[in-house]
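We will go from stop to stop.

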Amino acid sequence: MLSNKDIARLRAETDGVQHVIHFNNAGSALPPNVVRDTVIDYWKQESLLGGYEIQAQRANELDETYHSLARLINAQKEEIAIVENATSAWNAAFQAIDWQEGDEIICNRPDYASNYLAYLHHPKKPKVKVIPTTASGDEDLEAFEKMINSRTKLVSITHIPTNSGHVAPAEQIGSICRSRNILFLLDACQSVGQYPVDVEKIKCDMLSATGRKYLRAPRGTGFLYVRKEILPQLTPYVVDLHSATWTGEQTYTIRTDARKFENWEGNRANQLGLKAAADYAHVIGLEAIWHRIQALAHEVRKGFGQMPHVHCHDEGSLLAGIVSFTVSGHSAAQVQQYLLKEGINVSWNGTPNTYLDMTAKGLSEIVRVCVHYYNTEEEVSKLLELLQKLK
């Protein structure tokens, strides 16, 4: 558990908390100073010595990013590819599957728009089936098992959605997929850095993640995990001279590790920022981070429950740090702007972000309060006080 002394130290290591109350961590979290300084230091060196030259000098340090990310999710460095964002990571895995006519995908109701659009846009037009939910809002695992058949090519689950604090039962879904020998792709965009993600426990074959959200890394960073046993089955949709080697006029070979999903060019300063963020989270401990986030989110939801004009829309037996709500008589954009003028950052989502889930709930928009471990109880109290005034 994180003590008050720990929180004070972590806040002292984050200059941004002196300027704003930041509850937009599911959008882009405030980076710790070490991440900021790591990126700036590398960029300064690059501007003085040259991009290729500084990359060569710091090659070992850059390579260690793979170890840091692998350690964070209990993987091996050969199973990690570094890419520019979570969408690129997710699509690198999805497009690498050998899709055939008649293949089926099973996803969950809070699936993210970019993922679902990829299903619809794919030229093979795979059939998409959605796991129904129980009365509590959880994925119905009994119904899920019955949906699997000989045409099921992929189970694609959004772990924590963009529009609520729902946490999908990834571990249980992973066990079912492994027992049925079905590929399992987990969108962990909102969970890595917030939830103690362990790919061995989850039993996912592929996992996509971003840096900018709960991991507190620079924007424009992300990574893909691919289980080593699955790597030979996946063919990258795009290759270049980094992911493949040109061996003859009509021949080439593709890398055998997860880096076959990368391309040659990338932001090396941001890569080291990603490493610094992963190391920072590892030192704090993901279990401690998760418990702190849950505690703060519970205080927010409890406060909302005492305000008849504020309506919380989170569903499920396990809830994360994204608290979704609406305020009677005020649009989501109005609530965001009202809080912004008071020095509090929040964000909002509309139906297109998670069409299936939003329409099932009868919602057109929600406001998000997304807490992180460096937020305080005093900040939560100020938020609740301001929302009470909107009555």
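This is a predicted model: local features need pLDDT of at least 70, side-chain atom pairs count only at pLDDT 80 or more; totals for chains, interfaces and linings use all residues.

Select arginine 36 and aspartate 15. Their side chains meet in a salt bridge, 3.0 Å from N to O. Arginine 36 is in helix H2 (residues 33-49). Aspartate 15 is in the loop between helix H1 (4-12) and strand E1 (21-22). The pair links distant parts of the chain, 21 residues apart. Aspartate 15 counts as partly exposed at 33% relative accessibility.

Next, select aspartate 279 and arginine 71. Here the side chains meet in a salt bridge at 2.9 Å, N to O. Aspartate 279 lies in helix H10 and arginine 71 in helix H4 (residues 59-73), so this bridge ties together parts that are 208 residues apart in sequence. Arginine 71 has a relative accessible area of 35%, so this residue is partly exposed.

Now select arginine 227 and aspartate 205. Their side chains form a salt bridge of 2.8 Å, N to O. Arginine 227 sits in the loop between strand E8 (222-226) and strand E9 (244-248). Aspartate 205 sits in the loop between helix H9 (199-202) and strand E7 (206-210). The pair therefore ties together parts that are 22 residues apart in sequence. Check the surroundings of both partners. Arginine 227 counts as buried, because its relative accessibility is 15% and the cut-off for buried is under 20%. Aspartate 205, at 3%, counts as buried too.

To finish this stop, select Arg109, Glu315, Asp357 and Lys361 together. Salt bridges that share partners join these four residues into one network.

## On to the rings

Colour the Phe, Tyr and Trp side chains. How many aromatic pairs does a search of the whole structure find? It finds 9.

Zoom in on tyrosine 116 and tyrosine 119. Their ring centres are 5.4 Å apart, and their planes stand at 65°, so the pair is edge-to-face. Both tyrosines lie in helix H6 (residues 113-121). They are 3 residues apart, about one turn of the helix. Tyrosine 119 counts as buried, because its relative accessibility is 1%.

Then move to phenylalanine 304 and phenylalanine 325. They form an aromatic pair that is tilted, with 4.6 Å from centre to centre and 50° between the planes. This pair links distant parts of the chain, 21 residues apart. Phenylalanine 304 is in helix H11 (residues 286-304), and phenylalanine 325 is in strand E12 (residues 322-327). Both phenylalanines are buried.

One more ring is worth a click. Select tyrosine 66 and arginine 259. Which part of tyrosine 66 does arginine 259 lie over? Arginine 259 lies over the face of the ring, 3.5 Å from the ring centre.

Select Tyr52, Leu241 and Trp264. They make a nonpolar surface patch of about 380 Å². Now click on tryptophan 264 by itself. Tryptophan 264 is in the loop between strand E10 (251-254) and helix H10 (268-284). With a relative accessible area of 33%, tryptophan 264 is partly exposed.

## A buried valine

Hide the surface and select valine 335. Valine 335 is found in helix H12 (residues 332-341). Its relative accessibility is 1%, so valine 335 counts as buried.

## Zoom out

Show the whole chain as a cartoon. What helices and strands are there to count? The protein has 14 helices and 15 strands. Its C-alpha trace spans about 70 × 60 × 35 Å along the principal axes. Of the 391 residues, 56% count as buried. A compact globule with 391 residues would have a radius of gyration near 21 Å. The protein has 21 Å, which agrees.

Notes
Residues are numbered from 1 along each chain as its sequence is written. Side-chain values use heavy atoms; hydrogens and water are left out. Patches are made of residues with over 30% relative accessible area and no salt bridge: like charges are joined within 9 Å, nonpolar side chains (Val, Leu, Ile, Met, Phe, Trp, Tyr) within 5 Å. Accessible areas come from the Shrake-Rupley method with a 1.4 Å probe; for residues, only the protein chains shown count as cover. Helices (H or I, at least four residues) and strands (E, at least two) are DSSP runs, numbered from the N terminus. Buried means under 20% relative accessible area, exposed over 50%, partly exposed in between (1.4 Å probe, protein chains only). Rings of Phe, Tyr and Trp (its six-membered ring) pair if their centres lie within 6.5 Å; planes under 30 degrees apart count as stacked, over 60 as edge-to-face and the rest as tilted. A charge sits over a ring if NZ of Lys or CZ of Arg is within 6 Å of the ring centre and within 35 degrees of the ring normal. The radius of gyration is taken over C-alpha atoms; the globule rule is 2.2 Å times the number of residues to the power 0.38.
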